[in-house]
Structure formats: C-alpha cells, structure tokens
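Reader: I would like to understand the terms used for this structure. Could you take me through them with care?

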Amino acid sequence: GGSLSIGMSEQGTALVLFLFAFFGFGVKGAIFPFHGWLPAASVAPTPVTALLHAVAVVKAGVFAIIRLIYYSYGTDVLSGTWAQAVAMLFAIITILYGSSKAVKQTHFKRRMAYSTVANLSYIIFAATLMTDTGLTASFAHLVFHSVIKICLFFAVGAVLHHAGKEYIRELDGIGRKMPVTFAFFTVAALSLVGIPPLCGFVSKWLIAEGAIAQGSPLALVGTAVLMISAFLTAMYALSVCIKAYFPDKEKSLSLDGVRDAGLLMKSAMFICALACVLLGIFSGSFIEIITKAVGI
C-alpha cells in the first residue's frame, strides 16, 4: 500500500520526484529514450547477454519501478495523477518503439535485444496500471519473459558458436542443419508472440485484461499497442523460423560444416523451452503463488 504520506501542498513536488526515480530506474529497465545501452551491450558473450537481458540488470530496473509504485509511494498517492499518465505513456511508447526496431534489425542478437526493450515495458506498463491485476500481470511477465528470452539467446549463441552466423540473411536453411536448436527457438518464439498454451500468452493476456479493467483512455490505447506489438513480434521472431526451415535457395549461403549444438547446449535450451510450455499449461498454480506473494 505504500509508505508515503503527503499533503496537497507537497503533492506536486512528490510527483516530480516520482518521475525522476521512475526514469532513473527506467534506465536499467531500458525505457525509451534511455534504452540505447541495452542493444549495445549485446556484444557481450551470449551467456552473459542472456543473463543481462533476461534476469540480472534489466529485471532489477523494472522490479525497482514496481517497488517504487506499490511499496514506496503507493497507488493511493499516484493513481489518477499526471505522473501516472506520463509513466504509462512512456511505457507504451517503448513497447511500440522496441517492437518496430526489432523488425528492422538484420543482426540476430540485436533483433533479440530490441525485443527485450519492448518486453521490459510490457512489465512497466502493467505496473503503471496501479491495480491488483496489473501488479500480478507485471510479476508474471517478469518471470515468463525470463525463461523465453534465455531460450532465445541460448539458441542465438548456439548458432554463433556452431555456424558462425550473425545476420538474419545468413540463416536460410540452417534449421535443417540445426533442427533441435531451432525447434527450441521456435517454441520460445511462439511463446514470445503470445500463442496459447505457452507462458507468453498467459502473461500478455493478464496485462491486456488488467488494462481493459482499469479502463482509462491511456490504458485502452496501451491495449491496442499490445496487439500491434504482438503482430510485430510475430514478424521479427517467426520470420527467423521461416527463413531457417524454408530457405530461399537463390539467396542461400553455404552451410557446409554446420552442425547442431552439443548435448550441454541442448540441455540448457530444453529446460527453458520446457519451462515455456509447463508455465503456460500450469499457469493457474503459478499465478496463485504470485498473487499471494504480492499480498492481494
């Protein structure tokens, strides 16, 4: 419920300070226009990139925003204010911007990096709804996006390691050389798009449900942007799968010597892909745990 108690004379200052803190933590959460460091950080080795994009740094930023809204200020202080509108607006802009930039990227890792930019703001958007449903949805996507993105980046790393391919144009037919790797990539990509019964569908559904229930004009705009973003996600994620499995023979590059990932790499991707499936199918129990954890 928050611990901040302010009078009307102090409210303006408190809301300005909230936005300073919001954008300060938003740097780690890669919110527009402070997102540029995240795609640039993709030069790191793939295991480090997976940790960076899925768990460690960026999720610390969005978790801090959740704590700021719900446990420091409290929704009673923030809900319905101009500060809430500004925070929500920038989250919506970032979702659309990140998804659009991902579609345009030709570099495999940078495409996944801009996907992270968009999906972090899914979590922030849900948090800025400042409702019980929004809080649950934000934590659900925080966890579900982690396993999805780790699986995707591990697949990207396997391609870099075993095939030496960095660009989307180089992936024609590679799914036939690395069938297991791209099977796991496809599962994670479908989950990222939000295809049931995978976990990405569950968290995105909860976010949209929370936005519609909140009912403000900006929240409804955000719902529309979520649907546009889902379409763009299908474009940038599933186009990789199509290129890998159904190559353009006229543009295909040599794949001689390319082999599938080793057992240890496959095991790591299998665990994440399995989590995408199981967290979707058995999401009810997991959402119940989140609901209890956030104290609703």
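Reader: Which residues form one aromatic cluster?

Author: Phe18, Phe22, Phe23, Phe34, Tyr73 and Phe90 form one aromatic cluster. The model is predicted, with local features needing pLDDT of at least 70 and side-chain atom pairs counting only at pLDDT 80 or more, whereas totals for chains, interfaces and linings use all residues. Residues are numbered from 1 along each chain as its sequence is written, and side-chain values use heavy atoms, leaving out hydrogens and water.

Reader: What makes the pair of Phe32 and Tyr97 tilted?

Author: Rings of Phe, Tyr and Trp (its six-membered ring) pair if their centres lie within 6.5 Å, and planes under 30 degrees apart count as stacked, over 60 as edge-to-face and the rest as tilted. The centres of Phe32 and Tyr97 are 4.9 Å apart and their planes stand at 50 degrees, so the pair is tilted.

Reader: Why does Phe32 count as partly exposed?

Author: Buried means under 20% relative accessible area, exposed over 50%, and partly exposed in between, with a 1.4 Å probe and protein chains only. Phe32 has 26% relative accessibility and therefore counts as partly exposed.

Reader: Why is Met227 called exposed?

Author: The relative accessible area of Met227 is 59%, so this residue is exposed.

Reader: How do you describe the aromatic pair of Phe22 and Phe23?

Author: A search of the whole structure finds twelve aromatic pairs. Phe22 and Phe23 form an edge-to-face pair, at 5.2 Å centre to centre with 85 degrees between the planes, and both Phe22 and Phe23 are buried.
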